[in-house]
Amino acid sequence: MRKVSSASKTADKVFRVATGLCASSPVLFLVAIGIVVFIESVPSIKFMGWHFLTGTQWNLGDMYGNLEVKNGVSAPAGATYGALPYIVGTLASSVIALLIAVPVAIFTAIILAYRVRGPVKTVLSILVELLAGIPSVVFGLWGVIVLAPWVAQFFGPLLTHLGVVIPFFRGPVGTGMGLLSSGLILALMIVPIITATTRDLLEQVPILYREGGIGLGMTNWEVVRKICLPYVKDGLIGAVALGWGRAMGETMAVLMVSGSAINYLPHSIFSPISTMAAVIADQLDSALTDATHLAVHALAELALVLMLLTLITNFLARWLVHRGGQRVRSGVRA
Amino acid sequence: MGQSITVENLQAWYGEQLTLREISMDVDANQVTAIIGPSGCGKSTFIRCLNRLHETIPQGKVRGRVRLGTEDLYAMDPVDVRRVVGMVFQKPNPFPTMSIYENVAIGLKLGGIRNKSELLDRVEQSLRMAALWDEVKDRLHKPAVALSGGQQQRLCIARALAVEPEVLLMDEPASALDPVSTLRVEELVLQLKERYTILIVTHNMQQAARIADKTAFFLNGELIEYGDTTTMFTKPADKRTEDYITGRFG
Ligand SMILES: Nc1ncnc2c1ncn2[C@@H]1O[C@H](COP(=O)(O)OP(=O)(O)OP(=O)(O)O)[C@@H](O)[C@H]1O
Ligand SMILES: [Mg+2]
């Protein structure tokens, strides 16, 4: 019997170890980052407790005065870290972004997947991909120069008419920098990813099922609505969760158009806001001047909350999918 | 009741490739017509022209005339055409996200029937016609994909029948089925011809002989011979037909 040379066996071992390492690297990175962020947040968690999530004041305290000790952590006098405005800002701006982006992206994806062919399809697909490639800071600049003034002078005043029924739409419109502009710019930034994912999903719907619908006398729209969208539902929710995660974590563009509100809960769609990601970027400089380092730890805790929130939304989406799947299985959908 | 179909000089293309050449044939109402011929000769393309499905694929092009009864099929709204000319595909394709009930009811709902009990009646009636009712009546709300292949195909037949078409196109409806399921589908076809005009594509010569009143033999996109099934299988007029049915090629 011929034996396989030991060299090729060694190569196989190397190959196995290498692929193992590569395969587990996402998990390793996730765990490593999670641990670092968590350890960095510990002092702030001790110092603020749950008030971190419910407080509305973010105050670094008197950095040149005395230190005070609370819960075993020393901090500049008067320091308090309440993240609620940024949690609200993050959730509100990303949800607005989703409300706008998801329908737009789904319709665009339907058109790309089924309604256009040949060169038109190629050009449109490239445009979508180009949109995804625009740097965040360019979006931000455009937001400041074009979007915010447009919101302030035209779109905002228009929306205030809805204020009669929905209090959240009541003016004043202000400078245009705020929740609405943040949501709009985030929508623009997540449309490409949701569109591209949804288009790929729709293209995978077997022609067999689509023709089954057409053959039954369904219109194109009915085929999409009754057959294609339900077929890709799981993936679609994943795509939306992906977009949501992006919108919550997006930093630069939001920082530029949000109005950078500190210690202020938005009370209308035009209010200036800040998001967790933007606050981390914005506040890091001044936080570093805190000799007790507690301000940096507080920002780390903000990052931790952001990570957790992204995870929670992701799991929430998955849970929704799962539940939806069960409903189909038990047939309640009929 | 079924409708007759009159095909005149029908041509079909995939892009530049001419796939059907000048097909002309009259299909009688309430009869079973079998379409036979070697693989790739254009059988599917032909019946897909009769419910205007061919034109939905990229590059699909049709020329010629098809009349349903007295109406010009290609002057009608394609969506209306497909409600009158139903289709059963080669591979069973029940809608995978829907229950058994929903698969049959969907066409009715789109047709504007909202009343729950009327829907249930029509669903039952269609499933009975497709000889599936007894097997699924206790699990109507279970997913359709949980059925066996043969049951799925009969579900697809029920789905097509539910909207009460006048013509039923069947593209090798039994090719993915075991002998028993095949036999059931054949029995079904014979029962259904009282109410529908049926065109059935088949690779199975015995099947054509068993169920078809008339048979059409296609070769390379041309209609070679068309006539009474018994005559065709006993005294084919064309040498090529004879070669095919005696198994000399194809
Ligand atoms: N979507 C398509 N695009 C391009 N050419 C096609 C397409 N579908 C079929 N054809 C070609 O058209 C011709 C006829 O195909 P068709 O499917 O009608 O044959 P068929 O008789 O039904 O064959 P089979 O018995 O294998 O189902 C074949 O040459 C095939 O290659
Ligand atoms: Mg075929």
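Me: Which residue is the bridge partner of V167(B) in β8(B)?
Reply: V167(B) has T197(B) as its bridge partner there. Strand β7 (residues 167-171) of chain B and strand β8 (residues 197-201) of chain B are joined by five bridges and pair in the parallel sense. Strands are DSSP runs of E with at least two residues, helices are runs of H or I with at least four, and both are numbered from the N terminus. Two strands pair if DSSP finds at least two bridges between them.

Me: What is this model, and how is it numbered?
Reply: It is a predicted model, where local features need pLDDT of at least 70 and side-chain atom pairs count only at pLDDT 80 or more, while totals for chains, interfaces and linings use all residues. Residues are numbered from 1 along each chain as its sequence is written, chains are lettered from A and ligands numbered from 1 in the order in which they are written, and side-chain values use heavy atoms, leaving out hydrogens and water.

Me: What is the strand order in the open sheet of six?
Reply: The order is β6-β7-β8-β3-β9-β10 (chain B), with mixed pairing. β6 (85-88) and β10 (222-228) of chain B are the edge strands; each has a single partner, so one side of each has no neighbour in the sheet. On average, neighbouring strands are turned by 15° against each other, direction ignored.

Me: How many bridges pair β9 with β10(B)?
Reply: Six, in the antiparallel sense, with β9 of chain B spanning residues 214-219. F218(B) has L223(B) as its bridge partner in β10(B). The hairpin of these strands has two residues between them, and N220(B) takes a positive phi near 45°.

Me: And the open sheet of four strands, what is its order?
Reply: β2-β1-β4-β5 (chain B), paired antiparallel. Its edges are β2 (17-27) and β5 (71-72) of chain B, each with a single partner strand, so one side of each is left without a neighbour. Helix α1 (residues 43-50) of chain B packs on this sheet and touches β1 (5-14), β2 and β4 of chain B.

Me: Switching to chain A. How many helices and strands does it have?
Reply: Chain A has twelve helices and four strands.

Me: At what angle do α7 and α8 of chain A pack?
Reply: About 160°, with the axes of α7 (residues 207-215) and α8 (residues 220-231) 10 Å apart. The contact involves residues including Y209(A) and I214(A) of α7(A), and V223(A) and Y231(A) of α8(A).

Technical notes. Contact means heavy atoms within 4.5 Å. Axes are lines fitted to C-alpha atoms, for helices over the stretch in contact, and angles run from 0 to 180 degrees between N-to-C directions.
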